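Me: I would like to go through this structure with you, one topic at a time. Could you keep the answers plain?

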Amino acid sequence: MMRKKSISASKASLVLFLCQMISALEVPLDSKLLEELSQPPTITQQSPKDYIVDPRENIVIQCEAKGKPPPSFSWTRNGTHFDIDKDAQVTMKPNSGTLVINIMNGGKAEAYEGVYQCTARNERGAAISNNIVIRPSRSPLWTKEKLEPNQVREGDSLVLHCRPPVGLPPPIIFWMDNAFQRLPQSERVSQGLNGDLYFSNVQPEDTREDYICYARFNHTQTIQQKQPISVKVFSMDSLNDTIAANLSDTDIYGAKPVTERQPVLLTPTGSTSTKVELRGNVLLLECIAAGLPTPVIRWIKEGGELPANRTFFENFKKTLKIIDVSEADSGNYKCIARNILGSAHHVISVTVKAAPYWITAPRNLVLSPGEDGTLICRANGNPKPNISWLANGVPIAIAPEDPSRKVDGDTIIFSHVQERSSAVYQCNASNEYGYLLANAFVNVLAEPPRILTSANKLYQVISDSPALLDCAYFGSPKPEIEWFKGVKGSILRGNEYIFHDNGTLEIPVAQKDSTGTYTCVARNELGKIQNEVQLEVKDPTMIIKQPEYKVVQRYGQVSFECIIKHDSTLLPAVIWLKDNDELPDDERFLVGKDNLTIMNVTDRDDGTYTCIVNTTLDSVSASAVLTVVARPNPPFDLELTGQLERSVELSWIPGDENNSPITNFVIEYEDGLHEPGVWHYQTEVPGTQTTVQLKLSPYVNYSFRVIAVNEIGRSQPSEPSEQYLTKSANPDENPSNVQGIGSEPDNLVITWESLKGFQSNGPGLQYKVSWRQKDVDDEWTSVIVANVSKYIVSGTPTFVPYEIKVQALNDLGYAPEPSEVIGHSGEDLPMVAPGNVQVHVVNSTLAKVHWDPVPLKTVRGHLQGYKVYYWKVQSLSRRSRRHVEKKILTFRGNKTFGMLPGLEPYSSYKLNVRVVNGKGEGPASPDKVFKTPEGVPSSPSFLKITNPTLDSLTLEWGSPTHPNGVLTSYILKFQPINNTHELGPLVEIRIPANESSLILKNLNYSTRYKFYFNAQTSVGSGSQITEEAVTIMDEAMASRQVDIATQGWFIGLMCAVALLILILLIVCFIRRNKGGKYPVKEKEDAHADPEIQPMKEDDGTFGEYRLFSFVSSAPF
């Protein structure tokens, strides 16, 4: 396994460096080649530079590297060699440089603070990790302090200081009360970046004794709290009462009312401050102001704009947040606090510095002997970083000299390198804010040519298309590639060939005579190698009879042909598409060898049909359009005659039928006076009729159009007729859909469906809304409204019936008397809860609940039904509480019982019942407690069989996930299985419920057993879990079984039997050739079928059973 991991790591490392190297030498990603090439070490994984560890857990300092051969690892601590062999608490993972420092067995994390660096080394160089600073996290206790109560006058500002202990990393601060509820924050009260709680002005509701600052140390998962802080706010009213109690009636007294104050900055102080932030970090600027009314904060950048898409405001705009800052974000930022009395401001001068960042990081370099190359290391920062080089982890100034290497500032120049020039170089870019360290290796390889393309690889192309013959190769120095046609042919040259840098030979236009054997030769100064490939040029696939354009009527039949010609060695596949998509999944589409037939054509079959012929080498296609006829053309020449006040005659000329008779004409109208541009259905006439008498309404400016219809569909509408304006009249009808439904307990909302414009019959359309309480001797109350479809009557009793009517009127008079409808004023929530709630438990998962209905007068609305809320309190078997998930069942109407399904067995539940009307739910009935009985348990959570011996097996199991009651026992059943998978006698054992393991003894050796295991409660057995296991074989018997086949006497016996059979066969053959006859009985005996021989009475399928015993153990 470790060898496979090593090979895998080697492959991955080479893939990485191949992706990074310069164009001087390219290495193909061939798996066999990658396993053989040498490579200097490369660090692949390391711990962060600033590594804060949990002092309670083992410290793991990561260092993983790859290379060929696999690298070895060493460490330094605080700049000196760290000998891990001398520290029993420190180990290094196998085949890795990762250190594990054992803290959990007595080590102290503080003893291992320091700067660590890992070195990975092989014969080609050494790579180093970053300096990894190890520091254990700290969560110190809060220093004890005596906190005096804060007594503040209403309207004044206040700051509650947190001053958390200094931890590593710093804690997260938040304020809560004694009930562990976060204190509400707002523009007036908010927490600063330093953790203090700021009040721009205090109010009487701020009085409390439990302002508690909490510090959460995430690394150690601990939370510490400060002592509670008390705040007492004196309001002006209470202060005046106090003064009045201590003065006589003749004294003049009275505290000043709360005075408004202009803003004053609480933080930061002064008028200016400075802030330094690093490039790429988040810039946080804060301004919190006191004042009454509460000031509003605004931010600007002097001489510029706040950066778009990177600027955010937090903490009610008191905090300015700019993400991913750069040097361009330096400048002066002003916060302005303003209220109605004035403003205050503060200017923060921000300077953005930068730790080093890469412009060009050095990249791995792979060269051949004698080649040149460069390593470039360019970084920027503020201040500008210093660049230094190391070779194999040693400063280059004191590293062994290499005549091929020259250092020129941020560049190393290599000239005429040799294999000994291979090394790993480190570039360090540093300034006062940090450093960058990058490893880049120079790997000089001298390798004879290798051809990676498979020998005799077959290429197939279509005539007149390009042919690309691969010759993937590798060598160092880079080999030269030549191509020959045939084994002894001449070298290929000329414009008819293209030679690619990766060794591929391209024949731009392959012909039939291009077929043959091609030889690729690769050579460099270290050797030569060649490889042959085969090229076959095939005839192109053609469609010799293409599908043609078709026109077909609906429900007709159409067929498209597609006859092809192809190379005899290629197998074509023909597919059909409709509109460049798959054919519809419809049995009407019949695909034949050379055609496509569509039965019962419909409008949906319109479209473009494409025949595509695919082979492994080419693809051709041809398309044709199918048109299905068609809807009629629109009518024309519309004419109005016989104009009267309430009627007109319309005539027209039909359009082309398009081979499908017109069945009818649809007439539509437009009211240009009320709804211009909107067309309405008027009437329709048979297709043989071209005139119609139309009934009209008053006060409508009519236009008409006609649509022709046939079996295929409707035509486009005709051009509109001339307009005709009818005279005004009283409304003929009243609004429809009149309703009265209250939206509040004390109102009645009357709604109706307004008349359409043409229904108004004249100008000045209005509505007379009338109502009166039903069954009460009241007069009608009426109002007249316009341009609305709703009227609200206020001050009504809750949920009483009303008689309602709505009548239309216009400038010419009223519509006929409207009919009355019954409505109800608004509903209110029900007043009482259902009583006498009873629960009958049907079984372990089902219960029936009963209740008494509430009096209808207390419903105060339309009774919609009852809701039953129920929830599980706890499991009676585990006695453990869990998150309460309430479930709701709704029973419609006046139902007084319901079933509660899906309950969990052996559990305690609560429920209550509420009545529901259109307004909502009424009060809940008192909670009713009920319990479900036991049920059968689920299957045991697991069954493991371990420690097989000659005659025993050990069984271990886990209790059921859902016991659903009190477990009484476990039932184990088992039986042997022979080689033909037949089952033997079944044995059953009952095991106490507190057991968790069992040892079965006196079993047969080398026998497979099948086990069935389940748990029981008093209700019955749960579902079972099965497993199989085998006892081991007797070693002595196994040895004898093996030895018999190697004994000389056994081999001799087998040879004698074989010789005897051969002699008998020869004798039978001679007798048959001589025509001899022998009795039928002898013939039958001589040719007896071995498959019909009688079976043995005892084949020893299961063997002899013996007594067994078991040893069980209860769980700890």
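Me: Is Tyr214 buried or exposed?
Reply: Tyr214 counts as buried, because its relative accessibility is 4%. Buried means under 20% relative accessible area, exposed means over 50%, and partly exposed lies in between, with a 1.4 Å probe and protein chains only. The model is predicted: local features need pLDDT of at least 70, side-chain atom pairs count only at pLDDT 80 or more, and totals for chains, interfaces and linings use all residues. Residues are numbered from 1 along each chain as its sequence is written, and side-chain values use heavy atoms, leaving out hydrogens and water.

Me: How many aromatic pairs are there?
Reply: The structure holds 21 aromatic pairs. Rings of Phe, Tyr and Trp (its six-membered ring) pair if their centres lie within 6.5 Å; planes under 30 degrees apart count as stacked, over 60 as edge-to-face and the rest as tilted. Phe180 and Tyr214 form a tilted pair, 6.2 Å centre to centre with 50° between the planes.

Me: Where do those two sit in the chain?
Reply: Phe180 is in the loop between strand 14 (172-176) and strand 15 (189-191), and Tyr214 is in strand 17 (residues 208-217), 34 residues apart. Strands (E, at least two residues) are DSSP runs, numbered from the N terminus. Phe180 is exposed, with a relative accessible area of 54%. Ring pairs also link Phe174, Phe180 and Tyr214 into a cluster.

Me: Which kind of pair do Trp652 and Phe665 form?
Reply: Trp652 and Phe665 form an edge-to-face pair, 5.4 Å centre to centre with 65° between the planes. Trp652 lies in strand 58 (residues 647-653) and Phe665 in strand 59 (residues 662-671), so the pair ties together parts 13 residues apart in sequence. Both Trp652 and Phe665 are buried.

Me: New topic: what does the side chain of Asn531 reach?
Reply: The side chain of Asn531 reaches the backbone oxygen of Thr453 at 3.3 Å. Asn531 lies in strand 46 (residues 527-538) and is buried, with a relative accessible area of 11%.

Me: And which strands does strand 26 join?
Reply: Strand 26 (residues 319-322) runs antiparallel to strand 22 (residues 283-286), with 4 bridges joining them. Another 4 bridges join strand 26 to strand 25 (residues 311-314), also antiparallel. Two strands pair if DSSP finds at least two bridges between them. Thr319 is the bridge partner of Glu286, and Glu314 also stands opposite Thr319.

Me: What lies between strand 25 and strand 26?
Reply: These strands form a hairpin with 4 residues between them, and Asn315 in the turn has a positive phi of about 55°.

Note on methods: A polar contact is a pair of N or O atoms within 3.5 Å; within protein, one must be able to donate a hydrogen and the other to accept it, and residues adjacent in sequence count only if both atoms are side-chain atoms.
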